[in-house]
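This report looks at strand pairing and aromatic contacts in one model. The structure comes first, then the details.

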Amino acid sequence: MAKAISQYFKRIFDDYQVLVMVNPSDFTGIELIVHPDGKIEKTEMEFDEEIFEDLEADEFKPCGALEFQLTLAKA
């Protein structure tokens, strides 16, 4: 079985941004919240199979793995 490639999304709100990594094979992932002061909150997540529809409904846009990983490295 081929290993699923994680998918990355982000949304910029008024004064903070949220980046999300989703592993589509088991619906686990990481949520990063970047606060205006530069503080980064990291949360391990378990999603359901509707996560991609939920992200789209919440106006998250796809983003690159590099942007996510660079932000994660600062967390």
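How many bridges join strand β3 to strand β4?

Seven bridges join β3 (residues 28-34) to β4 (residues 40-46), and the two strands run antiparallel. Strands count as paired if DSSP finds at least two bridges between them. Helices (H or I, at least four residues) and strands (E, at least two) are DSSP runs, numbered from the N terminus.

Five residues separate β3 and β4 in this hairpin. Glycine 38 sits in the turn, with a positive phi of about 95°. Valine 34 stands opposite isoleucine 40 of β4.

## Basis of the model

The model is predicted: local features need pLDDT of at least 70, side-chain atom pairs count only at pLDDT 80 or more, and totals for chains, interfaces and linings use all residues. Residues are numbered from 1 along each chain as its sequence is written, and side-chain values use heavy atoms, leaving out hydrogens and water.

## Aromatic pairs

Rings of Phe, Tyr and Trp (its six-membered ring) pair if their centres lie within 6.5 Å; planes under 30 degrees apart are stacked, over 60 edge-to-face, the rest tilted. The count is three aromatic pairs. One of them is tilted, because the rings of tyrosine 8 and phenylalanine 68 have centres 5.2 Å apart and planes at 45°. Tyrosine 8 lies in strand β1 (residues 7-12) and phenylalanine 68 in helix α2 (residues 65-74), 60 residues apart. Tyrosine 8 is buried at 13% relative accessibility, and phenylalanine 68 is buried at 0%. Buried means under 20% relative accessible area, exposed over 50%, partly exposed in between (1.4 Å probe, protein chains only).

Phenylalanine 9 and phenylalanine 52 form a tilted pair, with ring centres 6.0 Å apart and planes at 55°. Phenylalanine 9 is in β1 and phenylalanine 52 in helix α1 (residues 51-57), so the pair ties together parts 43 residues apart in sequence. Phenylalanine 9 is buried at 10%, whereas phenylalanine 52 is partly exposed at 25%.
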